[in-house]
Amino acid sequence: MAKDRLSWQEYFMKLAKNVAMRGTCDRAYVGCVIVNEENRIVTTGYNGSISGNPHCDEVGHTMRDGHCIATIHAEMNAILYCAKEGIALKDTICYVTHFPCLNCTKSLIQAGIKKIYYNEAYRMDDYAVELLEKNNIAYEQVEVCD
């Protein structure tokens, strides 16, 4: 008997959860996978320190106003890799384990993301939602089992 095939949404969200396992900030393990219109992976990212700098799981957190400021969010790590390598993100789709924070939402919009799938409705900022709607960026929760 043939096994049920995962949808693209389930497939990429499970990959995002696996990417999150590379994270080095234990305050939140977040993973991001960005794909193109042909369902090919363009980039991935996870929560962690700047390359070459000590990780939170090695030296502890650098806290300010309740946030670890040493950590780059998963979405930003994915976007910044593309910026460094000259890879365009226009019309791509973002799969992220947690709803993006306000700053990541703004960056995803500015980078040209056309849709965001998220697993956990974590701290959904009202203004982030408003920006997505104003900019016609679709967003949808995709729940997957581990």
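The points below describe the overall architecture of a predicted model.

1. Basis. Residues are numbered from 1 along each chain as its sequence is written, and in this predicted model local features need pLDDT of at least 70, side-chain atom pairs count only at pLDDT 80 or more, and totals for chains, interfaces and linings use all residues. Side-chain values use heavy atoms, with hydrogens and water left out.

2. Secondary structure. The protein holds 5 helices and 7 strands, where helices (H or I, at least four residues) and strands (E, at least two) are DSSP runs numbered from the N terminus. Read from the N terminus, their order is α-β-β-α-β-β-α-β-α-β-α-β.

3. Over residues 7–135 the chain is 37% helix and 21% strand, with the end C-alpha atoms 26 Å apart.

4. Overall dimensions. The radius of gyration of the protein is 15 Å, which agrees with the value near 15 Å for a compact globule of 146 residues. This radius is taken over C-alpha atoms, and the globule rule is 2.2 Å times the number of residues to the power 0.38. The C-alpha trace spans about 50 × 40 × 30 Å along its principal axes.

5. Of the 146 residues, 40% count as buried (under 20% relative accessible area, 1.4 Å probe, protein chains only). Among contacts (heavy atoms within 4.5 Å) between residues at least 6 apart in sequence, 55% join residues at least 24 apart.

Technical notes: Buried < 20%, exposed > 50% of the residue type's maximum accessible area, 1.4 Å probe, protein only.
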